[in-house]
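Here's a quick tour for anyone meeting this structure for the first time.

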Amino acid sequence: ILAGSGGYGADLCTEVGRYGEAGRIVAARTSFDVIHGHDWMAVPACLAARRVSGRPFVLHVHSLEYDRSGAGGNGEICAVERRGLEAADRVIAVSNYTKEMIVRHYGIAREKIAVVHNAVTAAEGRKAYRVPAGNGEKRVLFLGRITFQKGPDHFVAAAAKVLAVLPDVRFVMVGAGDLLPQTIERVAELGIGRQVHFTGFLDGQEVERMF
């Protein structure tokens with residue numbers, strides 16, 4: 001059983017509870033070897049599936065509530081994260097940084113956590129992406145949600161420092177999010193709008209072309 005984390009929406013905790021019940025039903029009807037859940041929204045479903053099946057549970061952590069919201073995060077979400085991390089037989093973190101966050105905030109033993117980076121090999125990358133010859137201009141890409149968790153303010157601040165020394169660099173911000181308006185305003189305040197471009201949300205082949 002592979003349980004995904006999905007996205008945020010109205011009455012989220014209610015939906016997560018319903019998803020958990022669905023996990024129990026699927027587990028009771030299906031033969032499988034391991035339960036692999038991603039992030040906090042999958043935890044209730046994974047725990048319900050384990051109660052029914054007795055199969056091992058691996059929790060794959062892409063980010064924590066502390067990453068997404070800082071110190072003022074949602075306490076209910078933190079409680080679900082803690083329950084999942086403590087109950088999981090093994091934890092996978094996407095970076096050493098995330099692993100250390102799990103240890104620091106939840107007291108999970110380091111030996112229980114394996115780090116598996118989100119990546120492809122260099123050979124795979126060369127096959128997938130054909131980069132055309134450019135005009136010599138240097139480009140820096142930000143691709144992700146423009147939210148607190150992703151640090152767009154740091155990207156813009158770094159862009160301003162670079163442009164003060166290297167004015168021929170172009171910065172591209174791909175994505176959407178609640179911080180997009182104020183990020184655009186900050187770029188304008190810094191007077192770097194001619195060298196910082198916002199594309200909005202891109203998907204699929206558009207993302208590949210941007211890379």
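The count of salt bridges here comes to 7, a salt bridge being a side-chain nitrogen of Lys or Arg within 4 Å of a carboxyl oxygen of Asp or Glu. Keep in mind that this is a predicted model, where local features need pLDDT of at least 70, side-chain atom pairs count only at pLDDT 80 or more, and totals for chains, interfaces and linings use all residues. Residues are numbered from 1 along each chain as its sequence is written, and side-chain values use heavy atoms, with hydrogens and water left out.

- Some background first: side chains of opposite charge can pair when their charged atoms come close.
- Glu137 pairs up with Arg170 in a salt bridge, with 2.8 Å between the closest N and O atoms. Glu137 sits in the loop between helix H6 (122-128) and strand S6 (138-143), and Arg170 in strand S7 (residues 169-174), so the pair ties together parts that are 33 residues apart in sequence. Helices (H or I, at least four residues) and strands (E, at least two) are DSSP runs, numbered from the N terminus.
- Both partners are partly exposed: Glu137 has a relative accessible area of 23%, and Arg170 comes in at 24%. On this scale, buried means under 20% relative accessible area, exposed means over 50%, and partly exposed is in between (1.4 Å probe, protein chains only).
- Arg139 joins in too, as Glu137, Arg139 and Arg170 are linked in a network of salt bridges.
- Arg186 is partly exposed at 43%, whereas Glu189 counts as exposed at 59%.
- Arg82 and Glu86 make another salt bridge (3.7 Å, N to O). They are 4 residues apart in helix H4, so about one helical turn lies between Arg82 and Glu86. Arg82 is partly exposed at 33% relative accessibility, and so is Glu86 at 48%.

**The cavity**

- How many cavities of 30 Å³ or more does a search of the whole structure find? The search turns up 1. On a 1 Å grid over the protein atoms alone, a cavity is a set of points where a 1.4 Å probe fits but cannot get out, and lining residues have an atom within 4 Å of a point.
- The largest cavity holds about 50 Å³ of space, a volume being the space filled by probe spheres set on the points, which are joined across faces, edges and corners.
- Its lining is made up of Asp39, Trp40, Leu59, Val61, Ser63, Leu64, Glu81 and Leu85. Strand S3 (57-61) and helix H4 (75-87) each supply at least two of the lining residues.

- Most residues other than glycine have a negative phi. Asp39 has a positive one, near 65°.
- You'll find Asp39 in the loop between strand S2 (35-38) and helix H2 (43-53). Is Asp39 buried or exposed? Asp39 is buried, with a relative accessible area of 9%.

**On the surface**

- Phe211 lies in the segment after helix H9 (205-210), and it counts as exposed at 54% relative accessibility.

Note on methods
On a 1 Å grid over the protein atoms alone, a cavity is a set of points where a 1.4 Å probe fits but cannot get out, and a pocket is an open set with protein on both sides within 12 Å along at least five of seven lines; lining residues have an atom within 4 Å of a point.
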